[in-house]
Amino acid sequence: MPEINWNSENTRVLCMLFAEQVEKGNRPNTHLNALGCAEVEKGFKDRTGIVATKSQIKNKWDKLKEDFKAWKKLMLRQIGTGWEPIKKTIAMDDEWWKKARADIPGCGKFKKKGLENEDELAKCFADITTVDIDNWSPHVVNVEAIENVDDTQDESQDDDFVAETQEEENGISPPPVSGKRLARPVERSGKKAKSGNALLIQEAVTSMTSSANEYVLKRHGKYSIDEVMEVVIACGAGYDSNEHYIASELFVKKEQREMFMTLPTNEIMFNWLRRKYNDKYEK
């Protein structure tokens with residue numbers, strides 16, 4: 001079986017087919033079932049004219065899952081970094097990316113361009129992919145380290161420690177305890193609860209990451225001009241066509257790009273562009 005050219009358009013079509021099958025319930029665990037895989041094979045051939053084997057589809061599924069995981073790990077480290085809105089990726093120097101590649105296998109490709117088809121991939125993998133936070137980046141708080149410091153400080157306190165009472169805070173000394181020491185409460189599990197400060201920091205980091213992502217999405221939209229113009233070509237609107245010309249006028253606006261990308265087939269997309277051109281220039 002010949003090797004498939006996984007260019008942007010072929011990959012986009014496959015991701016849409018994967019997401020459709022997941023939404024239909026044909027991914028019972030970590031992979032599509034036989035029915036889902038057969039539907040993807042048929043749909044891919046119908047939309048691209050390319051015959052893909054089950055093995056090729058499974059290999060691409062696994063590769064896309066790794067890409068999605070690497071991207072999500074990278075996004076956990078974007079706090080304090082720059083952002084490139086056109087490429088839709090983190091804007092940092094070579095030294096930063098060198099460290100990122102060493103700690104997150106497969107993330108190097110995102111230096112030039114962010115993850116494509118993220119919405120579809122999230123439908124496929126978000127609930128079956130675990131992304132752990134490690135401590136390589138100076139922009140990420142190492143909550144575990146903070147907890148360990150808190151634990152060490154707690155254990156180094158004098159054994160004669162007596163918790164402050166409300167009377168002590170008001171300047172009134174508590175009555176003597178007949179020479180006995182007050183025992184520190186010990187948790188039966190033998191494991192300390194998480195530090196309150198550490199939890200607050202973790203929540204703050206999560207909130208900041210979410211806010212940054214929402215800002216980028218709100219400002220630049222879900223789809224870049226480059227991404228949408230690739231779809232314009234794929235739907236049959238060549239560079240010298242009226243449809244391509246009207247697209248180059250419309251898609252400087254994110255609302256128009258997002259509306260266009262909701263259209264389900266290449267034929268509907270092409271006819272939509274033709275009507276837009278006729279409405280403006282053929283009156």
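A residue is called buried when its relative accessible area is under 20%, exposed when that area is over 50%, and partly exposed in between, the area being computed with a 1.4 Å probe on protein chains only. The structure shown is a predicted model, in which local features need pLDDT of at least 70, side-chain atom pairs count only at pLDDT 80 or more, and totals for chains, interfaces and linings use all residues. Residues are numbered from 1 along each chain as its sequence is written, and side-chain values use heavy atoms, with hydrogens and water left out.

The overall architecture comes first. The protein contains 12 helices and 2 strands; helices (H or I, at least four residues) and strands (E, at least two) are DSSP runs, numbered from the N terminus. Read from the N terminus on, the order of the elements is α-α-α-β-β-α-α-α-α-α-α-α-α-α. Of the 283 residues in the protein, 32% are buried. A contact means heavy atoms within 4.5 Å. Among the contacts in the protein with a separation of 6 or more, 68% join residues 24 or more positions apart.

Confidence in the model is expressed by pLDDT, the predictor's confidence in each residue, from 0 to 100. The protein averages a pLDDT of 78, and 69% of the residues score at least 70. Over residues 134–175 the pLDDT is below 50, and this stretch has 44 contacts in the model beyond near neighbours in sequence. Residues 177–183 also have a pLDDT under 50, with 6 contacts beyond four places in sequence. Among the elements of the protein, helix α7 (residues 166–169) has the lowest mean pLDDT, 44, whereas helix α1 (residues 8–23) has the highest, 95.

The buried residues of α1 are N10, T11, R12, V13, L14, C15, L17, F18, A19, Q21 and V22. What covers them includes α2 (34–48), α3 (54–75), α5 (118–125), α9 (225–234) and α12 (266–281). One of the buried residues, N10, has a relative accessibility of 9%. Leaving aside neighbours within four places in sequence, N10 is in contact with N5, F44, T48 and I50. Just after α1, G25 takes a positive phi of about 85°.

How do the helices pack against one another? Two packed helices are described by the angle between their axes and the distance between the axes. Here axes are lines fitted to C-alpha atoms, for helices over the stretch in contact, and angles run from 0 to 180 degrees between N-to-C directions. The axes of α1 and α3 come within 12 Å and cross at roughly 90°. Therefore α1 is roughly perpendicular to α3, a description used for angles of 65 to 115 degrees, while those under 35 count as roughly parallel, those over 145 as roughly antiparallel and the rest as oblique. On the α1 side the contact is made by T11, L14, C15, F18 and V22, and on the α3 side by I57, K60, W61 and L64.

Helix α3 also meets α5: their axes come within 10 Å and cross at roughly 105°, so these two helices are roughly perpendicular. W61, L64, K65, F68, W71 and K72 of α3 make this contact with E118, L121, A122, C124 and F125 of α5.

Within α5, the buried residues are E120, L121, C124 and F125. They lie on the same side of α5 because they cover an arc of only 110° around the axis, the arc being that of the directions from the helix axis to the C-beta atoms. What covers these residues includes α1 and α3. C124 is buried, since its relative accessibility is 0%. Not counting residues up to four places away in sequence, C124 touches F18, A19, V22, R27 and W61. The C-alpha atoms of C124 and H31 are separated by 9.1 Å, although the two residues are 93 residues apart along the chain.

Most residues other than glycine have a negative phi. K88, in the loop between β1 (82–84) and β2 (89–91), has a positive phi of about 55° although it is not a glycine. N117, in the loop between α4 (94–103) and α5, has a positive phi near 60°. K88 is partly exposed, at 22% relative accessible area, whereas N117 is buried, at 15%.

Finally, H244 is found in helix α10 (residues 242–250). Is H244 buried or exposed? H244 is buried, because its relative accessible area is 11%. Beyond four places in sequence, H244 touches M229, V232, I233, A237, G238 and Y239.
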